[in-house]
Amino acid sequence: MPDNRFREAAYLNADTGTLVVQNRFAAGEGDRVQVEANVFQLGDPVPPETNPWGDLKEFLSAAALSAVERGEYFVVELGGWDAIPEPYCLFAVVDQGDGPVSLIEAAPAPRGTGIWPDAPQDQRGSTVTAPATEQSLPGAGIFAVAAIKTWGAQPWDVALTFGKLAG
């Protein structure tokens, strides 16, 4: 990831049933940087009790609220070592002069979702904005999941990349 972006990182050891989750920020400076992590012992796998798409929507809604509190944005993209330019769904709150505005952008443009406005076929991406309020911010999860469903991906196929808003 570029210096101004980061992902939560984890390592699953299926042999020992442990999940190692790296802390968000490293401690120290220069050649004395230390990365810390938490280790979780996992139980036997069980089928999900709820709809994974609903869980992803709730998670992304909560991520939007916490990103705003930290002055960050996030990009939902396909997981993997190499970030590809598309598909993606960006969430940010920006001030366009009239107060904070919630912005959600997706490419390719989500079509046929019933949530995103229909975009012309020659339009590469689509952007939706609304005044950023405590009531409107959780809508980020609804719009993001609708976009992700058009990618042919499953909820566990995506990664969340965070970045610090300039300002």
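Predicted model: local features only at pLDDT ≥ 70, side-chain atom pairs only at ≥ 80, totals over all residues.
1. Helix α2 is largely enclosed by the rest of the structure, because nine of its 11 residues are buried. The buried positions of α2 are Gly139, Ala140, Gly141, Phe143, Ala144, Val145, Ala146, Ala147 and Ile148. The cover over these residues includes helix α1 together with strands β5, β6, β7, β8 and β9.

2. Helix α1 spans residues 52–70 and helix α2 residues 139–149; their axes come within 7 Å and cross at roughly 130°. Angles over 145 degrees would count as roughly antiparallel and those from 65 to 115 as roughly perpendicular, and α1 and α2 are therefore oblique to each other. The crossing of the pair is right-handed. On the α1 side the contact is made by Trp53, Leu56, Lys57, Leu60, Ser61 and Ala64, and on the α2 side by Ala140, Gly141, Ile142, Ala144, Val145, Ile148 and Lys149. By class, the residues of this contact comprise nine nonpolar, two polar and two charged.

3. Strands β2 (residues 10–13) and β3 (residues 18–22) run antiparallel and are joined by four bridges; Ala10 has Val21 of β3 as its bridge partner. The hairpin formed by β2 and β3 has four residues between the strands, and Gly17 there takes a positive phi near 70°. Strand β3 also pairs with β4 (residues 37–41), again in the antiparallel sense, through five bridges. In that pairing, Gln22 stands opposite Ala37.

4. Two cis peptide bonds deserve a check by anyone preparing the coordinates. One joins Glu86 and Pro87, with omega about 0°; Pro87 lies in the loop between β5 and β6, the latter strand covering 88–95. The other runs from Ala107 to Pro108, with omega near 0°. Pro108 is located in the loop between β7 (100–107) and β8 (126–131).

5. As for the chain overall, it contains two helices and nine strands. Their order along the sequence is β-β-β-β-α-β-β-β-β-α-β. Of the 167 residues, 34% are buried, whereas in α2 nine of 11 are. Among contacts with a separation of 6 or more, 55% are between residues 24 or more positions apart. Along the principal axes, the C-alpha atoms fill a box of roughly 50 × 40 × 30 Å.

How values were computed. Residues numbered from 1 in each chain as written. Heavy atoms only, no water. Axes fitted to C-alpha atoms, helices over the stretch in contact; angles between N-to-C directions. Parallel < 35°, antiparallel > 145°, perpendicular 65-115°, else oblique. Left-handed = near helix turned anticlockwise from the far one by under 90°. Contact = heavy atoms within 4.5 Å. Nonpolar A, V, L, I, M, F, W, Y, C, P; charged D, E, K, R; others polar. Pairing = 2+ DSSP bridges. Buried < 20%, exposed > 50% of the residue type's maximum accessible area, 1.4 Å probe, protein only.
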